[in-house]
Amino acid sequence: MIIRLKHFSEGLLTAFIILLHLVSAAQPEMGSAGDSPGKSVIINNIFIEGNKVTHESIIERELMFGPNDTLTYSEISNLLERSRENLMNTSLFNFVDIETTEASHRMVNVKIKVTERWYVWPWPILKISDRNFNVWWQTKELRRLSYGFRIEWQNVRGRMERLLATFQFGYDQVYEFQYRFPYLDKKKTMGLAFGSGLARNHEVAFRTFENKQEFFRLEDDYSRSDFYTFINLNVRPSIYNSYSFQLRYDKQNFADTLVSANPYFSDGDDYKNYFSAYFNFKSDHRDYKPYPLEGYYFDVELHKVWLLLYRANTINFF
């Protein structure tokens, strides 16, 4: 009799657990079948966790919904997923999770949990100035090495700003600095970027002879130097569309002896400076930019270059 009661109690307990599971599965959750997809609810609050560096306003910029929005269950399910994709496409986070909890009748809270990436990336620089390692190994001249470091700092100040700096010393020198402000206005639709750089080389390829490339070298001076500076205006009126306008100035200087060996220009100038304007429109509806599975993308780009203080025709790039 005891055994029968034991088996009866175990069976009753198992049935009770199954019943609880079925009841809990039938409870109304966001996007579940417990409520009609057409039933509307109001978003009460949005809670963000895990953003130790990133400002909440940067995260809120990528959301497809906001507090006090009235949406149906089917709409919220779709907008939650699209918002998660938008946050992943900022390249600020390794993981993004979004879930909802019931706040009261017809009101829900949204909880966003992000896992931030590492934002500071330094790279050491060690380069040889010869065409390849085998050529350099024949002389093993340490003075022909270039060295330094490059740093890329993403999400500066937690505002999605980006800093890029390069300091290369030695035989070939490179000095570069760029900074990008993605958002300058309160609506976060306009941004600005600017930068300058200088590169100087002791040795450059200047002609071919009998199917072989020949190099021109100056040991005590630089054969060629390149300088550039630019300013870039970015406009992002919506989540998926953006515009970019850039103005840029470049100047290249060549040693007199290099121009004498093989004139770069018909009038024998030892420098070239030019001004360029750039426009880009981008429409990006991909679900995940690095490995898209759904959506589409296209862009339109125009580039115009004007040579300054130069008698020949201008050059057009499209």
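Me: Leaving aside its neighbours within four places in sequence, what is Q173 in contact with?
Reply: This is a predicted model. In it, Q173 is in contact with Q168, L198, A199, R200 and Y222, once residues within four places in sequence are set aside.

Me: Which of those contacts are polar ones between side chains, and how long are they?
Reply: The side chains of Q173 and R200 are joined by a polar contact of 2.6 Å. Another polar contact, of 2.8 Å, joins the side chains of Q173 and Y222.

Me: Is Q173 buried or exposed?
Reply: Q173 counts as buried because its relative accessible area is 11%, and the cut-off for buried is under 20%.

Me: Which strand is Q173 in?
Reply: Q173 is in strand 8, which covers residues 173-181.

Me: What does strand 8 pair with?
Reply: Strand 8 pairs with strand 9, residues 190-201, in the antiparallel sense over nine bridges. As one example, F181 has L192 in strand 9 as its bridge partner.

Me: And what about strand 9 and strand 12, how many bridges join them?
Reply: There are 12 bridges between strand 9 and strand 12 (residues 224-235), and these two strands run antiparallel. G197 has Y228 in strand 12 as its bridge partner.

Me: What holds paired strands together in general?
Reply: Strands of a sheet pair through backbone hydrogen bonds, in either a parallel or an antiparallel way.

Me: Different topic. In what order do the four strands of the open sheet come?
Reply: The order is 2-1-4-3, and the pairing is mixed. Strand 2 (70-72) and strand 3 (93-104) are the edge strands, each pairing on one side only. From one strand to the next, the twist averages 40 degrees.

Me: Which helix packs on that sheet?
Reply: Helix 3, residues 73-89, packs on the sheet and touches strand 1, strand 2, strand 3 and strand 4. The direction of helix 3 makes about 155 degrees with that of strand 3.

Me: Do strand 1 and strand 4 run parallel or antiparallel?
Reply: Strand 1 (residues 40-49) and strand 4 (residues 107-116) run parallel, joined by six bridges. In strand 4, V110 is the bridge partner of I46.

Me: Now Y147. Where is it found, and what does it touch?
Reply: Y147 is in strand 6, residues 145-156. Not counting residues up to four places away in sequence, Y147 touches I125, L126, F167, Q168, F169 and G170.

Me: How far apart are Y147 and F167?
Reply: Y147 and F167 are 20 residues apart in sequence, and their C-alpha atoms are 8.4 Å apart in space.

Me: Why is Y147 called partly exposed?
Reply: Y147 has a relative accessible area of 45%, so it falls between the cut-offs of 20% and 50%.

Me: What about N155, buried or exposed?
Reply: N155 is buried, with a relative accessible area of 2%. N155 also lies in strand 6.

Me: What is the phi of N155?
Reply: N155 has a positive phi of about 60 degrees although it is not a glycine. For context, most residues other than glycine have a negative phi.

Me: And what is the phi of K140?
Reply: K140, which is not a glycine, has a positive phi of about 55 degrees. K140 is in the loop between helix 4 (133-139) and strand 6. K140 is partly exposed, at a relative accessible area of 41%.

Me: Zooming out, how many helices and strands are there in the protein?
Reply: The protein has five helices and 16 strands. Of its 318 residues, 33% are buried. Its accessible surface comes to about 20,100 Å², and 57% of that belongs to carbon and sulfur atoms.

Me: How many of the contacts join residues at least 24 apart?
Reply: The figure is 52%, taken among contacts between residues at least 6 apart in sequence.

Terms used. Residues numbered from 1 in each chain as written. Predicted model: local features only at pLDDT ≥ 70, side-chain atom pairs only at ≥ 80, totals over all residues. Heavy atoms only, no water. Buried < 20%, exposed > 50% of the residue type's maximum accessible area, 1.4 Å probe, protein only. Polar contact = N/O pair within 3.5 Å; in protein donor to acceptor, adjacent residues only side chain to side chain. Contact = heavy atoms within 4.5 Å. Pairing = 2+ DSSP bridges. Axes fitted to C-alpha atoms, helices over the stretch in contact; angles between N-to-C directions. Areas by Shrake-Rupley, 256 points an atom, 1.4 Å probe, with all protein chains shown as cover.
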